Amino acid sequence: MAWTRRLRNLFGRERLERQIDDELAFHIAERADELATEGLSEAEARRQALIQFGSYTRRKEDIREIDLLSRLDAVVGDVRFGLRTLLGSPAFTATAVLSLVLGIGANAAIFSIINALMLRSLPLADPAALVEVQSKEIGYEFTNPIWEQMRDHQPALSGVLAWSADRFDLAQGGEGRFARGMWVSGDFFRVLGVPALHGRVFTPQEDRRGTPPVAVIGYSFWQRNFPKDANVVGKTVRLNGHVFEVVGVTPPWFTGLDVDTSFDVAIPIACEPILHTDRSMLDMRSAWWLRMLGRLPPGRSLQQAEAQLRSYAPALLRATVPVEFPISDQQDFLKAAFRLSPAATGFSDVRDRYKTALFALMAIAALVLLITCANVANLLLARASVRHRELAVRLALGASRMRVVFQLLTESLLLSLAGTAAGLLLALLGSRVLVRLISTRGNPLAIDLSPDANLLAFSAGTAILTAILFGLAPAFLATRGDLNQSLKEHARGHVAGAARFHLGKALVAGQIALSLVLLIAAGLFLGTLRNLLTTDLGFNRHGVLLVAAQFEEKAVAKERRVGLADEVVTRLRAIPAVVSASSSLRTPITDFGWNQLVEPEGYRPTSRMDTLVWLNRVSPGYFSTMDSPLRLGRDFAEADSLTAPKVMIIGEGAARHFFGSADPLGKTIAMDGFPGSAKKDVYQVVGVVKDSKYQLVDESQRLTAFVASGQDSDPRARVNFEIRSAGPLAPLAQAVRSAIVSTSPHVSLEFRDLETQVNESVMQPRVVALLSSVFGLLALVLAGVGLYGVTAYGVARRRNEIGIRIALGAQRWSVIWLALRDVGMLLTVGIVVGLGGSLALGRLIRSLLYGVRADDPRQLAAAATILAACGFVAAYAPARRAAGQDPLTSLREE
Amino acid sequence: MSGKQKNDILQGTLALLVLRTLKTQGALHGYALTNHIRRISSDLLRVEEGSLYPALHRMEQDGLVRSKWGLTEKGRKARMYSLTAAGERQLAEETKSWARLTQGVALVLENS
């Protein structure tokens, strides 16, 4: 084929030149040989041969032009011809490009997020050598003693580092202003290969206990807080009220190990006691907070390194066993094994939480693109019937069929390239909007969505694939058939039009099937969101202001903390609009949790985890503030102090689980005291409260229990306050702030409301529901357009027949019915196929659903009904127009 | 391409001659084609030898001939051209129109 050679020529120019030289040199050599046999000297023969040949250079240029330039011209010609044809029918081109923009844009937007979170490597030297140390038994967060052992003795990796994400308050009292922080080991930056832009990075010196408070700051933090100040080294930042000296700034390309946030400040792990004066975690054998990474030495495989680490593990574990654990837990700990997991793509909370959702959205976007392709293919088919004569003439004039198909495919490629270019712009915008959607005030995301080679490759691939998908079949159909027949054919192209019409119908049926899948998915996700938003949480999320107060550990002594919190609550209750107020260790629907195994009186556990209870420590008035009704017994009271007998309020579920139908009031429940105390605390059940959700809205009900904040022997410096108000919450903040600060000025505050906290926890279902609805709607519109087109084409083809029917006295409705019957068939086929597809795909999204089933017949029926209704509405207009035609006009046209 | 040749008419009919030669002789390289055309036209039709090659390449692009590299008896690498099906059809057509043209010209010359 001419154009395949032409492509090869474009890329094989040198080879082309050589071949021309070889061919011409052969001619001259042969001629010279012949002249030599006539008696000329060798040199003279060659001279004569050259003369007879004529101008060598010019001939060579002529040939090269024919082989190369004229061929390139042909490609350019195809493109120019394609552009001219496309611009010649702007309505067609605009419709096709617009649908492609939406389809490709949706895909590129989702892909660019997947790319940023899952595919792109961290911008470090040799990221593939980066591995994370994990353990199935322990998890991926380790204690500092484990880290120190690993740092000093591990035999497997060429460099190890430890880090932990945290946040530090930059404000000096009052409302908190938080920086994204990292605790890092001294070797952190060196192992990663991150140099300092200004000053220096940390050194192993900073691993020593008692190292002075120093900080390395990130580039954007530097820009924001020390604008253009190159002399930032030596200046200080205040973190949680403590002064740290800035020793260095990292380059702009390093934003930390998290790919969805950007770090502000890094401080040495050895500085931990400066911030945590109550109790340092450095020597705690049960404080799991550090992640460990390392580099594989050149030439050592992950498996080899893992094996080395495994043989070293027992020594490490013996040296760091958490002695405060029960013996059985200690034995489990000693059996732990380490494994290595590639860490080149860094870490991402969003990736972990949104993975399934992102893949589901990617699949949905791909379906939208398929629908788009079907739509554009249909447009091309309709156009082919218009261009039929043009193509037939070109074929008759001697163009090969491949040549014409190639020309048509060039047009398709132009369409898809235009769609991709605009789609990429849409994606740049769309992916940012999407990230903004899942970004919350408490957790602002900074995902690098700038286009890279991956995204460009994805887009180019999509462009070519879609061009082939929507262009190939129409191109072949358009050039099929007997030439003479086509040329003689009626201008409307009725006979050969049949094949195109059938393909068109099949495409529309396919569109309907895909649209149904999307509609059903959208329905399921909307149902999930509705269930999440209306599910009974066990408390009333509306009208509650939450304040997290972090008191300075040193400034507020332990003995004062309980009294201080009570004092704050008293002041809060005095604020006019406040209905009730309380304090607690944690608030519901947050990650932070506290669980323990308990020993309820007279209960025989069926398994070890059977008595795992999720706890909170709350002040009197907590339940009325949260609007969680007490079912039995009493609330905590002032009298429940450190000196009084320990009391507990349990959830209904726990009461039923542990005590069955017996009266739970007065029963005792024992559990371990805080780590280190050998004696078990014994609590008496004084109340039963309505069950409430603990960490997640969609969790199955856990066993819950509450203990009194007045009986806390080891109170933390962090207290949550809940304030229920009858009026709006925002105006309350000022009064609440002064109530707390006037009690103790050594405090950093963080405000939010309970409703937002609950709603942000269902961000993923919300985004999935939103996007799938948008995509579903888009699919519905495209399917409608498809049905409209195929109906309009159908009645146009049968214009004469319909005219005769009307002339013979057919009723209007029977003509409409004639047209709609086809639509009904397409819809039936499409819906049946779509239902089958939905049932098959339903299993894949089960983990994203809550309270709805993928095979719920009501959901399926609702989606099918909506689709069918839209289909008939779309088809009705052309059908009615056909019924309204004047039979004489259409018959006369024949 | 330059038209300042002794036998300009050959430019238009060169393709016809090449097709005809390939039809009767089978696969040939450019040098053999040149010699053959010169020999059977009794040296009447003589062209600048190099001008054959652009014509051959154009005919190949148009799908009338195809080429492949082969070795001659002397062991030299040569590009051998042969006729394609499209070339055969083209030859038939051009032969016909050539006949019509010469007939027409002859009639004009005889009758005017």
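## Reading a predicted two-chain model

Visitor: Okay, now the interface. How much area do chain A and chain B bury between them?

Guide: General idea to begin with: the size of an interface is often given as the accessible area lost when the parts come together. Here, chain A and chain B bury about 2,500 Å² between them, and 48% of that is on carbon and sulfur atoms. If you look at what chain A buries against chain B, E23(A), F26(A) and R59(A) supply 26% of the area, more than any other three residues.

Visitor: And how many residues does the contact take from each chain?

Guide: Chain A puts in 24 residues and chain B puts in 27 residues.

Visitor: How many salt bridges does the rule find across the interface?

Guide: Side chains of opposite charge can pair when their charged atoms come close. Between chain A and chain B, the rule turns up seven salt bridges. For an example, go to R31(A) and E49(B), whose side chains meet at 2.6 Å, N to O. There are also 16 residue pairs in polar contact between chain A and chain B, counting pairs with both residues at pLDDT 80 or more.

Visitor: Which parts of chain A touch chain B?

Guide: Helices α1 (2-11), α2 (13-37), α3 (42-53) and α4 (56-88) of chain A each supply at least two residues to that side. The most comes from α2(A), with eleven residues. Sort the side of chain A that touches chain B by class and you get seven nonpolar, five polar and twelve charged residues.

Visitor: Back to R59(A). What does R59(A) form a salt bridge with?

Guide: R59(A) pairs with D62(A), and their closest N and O atoms are 3.2 Å apart. Both sit in helix α4 of chain A, and because they are three residues apart, about one helical turn separates them. Over all chains, the salt bridge count comes to 45 by this rule.

Visitor: Last one: how do I read backbone angles? What is the phi of D126(A)?

Guide: Most residues other than glycine have a negative phi, and most peptide bonds are trans. D126(A) has a positive phi of about 45 degrees, although this residue is not a glycine. Find D126(A) in the loop between α5 (90-119) and β1 (130-135) of chain A.

Visitor: And where is N240(A)?

Guide: N240(A) lies in the loop between β7 (236-239) and β8 (242-249) of chain A. N240(A) isn't a glycine either, yet has a positive phi of about 50 degrees.

How values were computed:
Residues are numbered from 1 along each chain as its sequence is written. Chains are lettered from A and ligands numbered from 1 in the order in which they are written. This is a predicted model: local features need pLDDT of at least 70, side-chain atom pairs count only at pLDDT 80 or more; totals for chains, interfaces and linings use all residues. Side-chain values use heavy atoms; hydrogens and water are left out. Contact means heavy atoms within 4.5 Å. Buried area is the accessible area (1.4 Å probe) that two parts lose on being put together, summed over both. A salt bridge is a side-chain nitrogen of Lys or Arg within 4 Å of a carboxyl oxygen of Asp or Glu. A polar contact is a pair of N or O atoms within 3.5 Å; within protein, one must be able to donate a hydrogen and the other to accept it, and residues adjacent in sequence count only if both atoms are side-chain atoms. Helices (H or I, at least four residues) and strands (E, at least two) are DSSP runs, numbered from the N terminus. Ala, Val, Leu, Ile, Met, Phe, Trp, Tyr, Cys and Pro count as nonpolar, Asp, Glu, Lys and Arg as charged, and the others, Gly among them, as polar.
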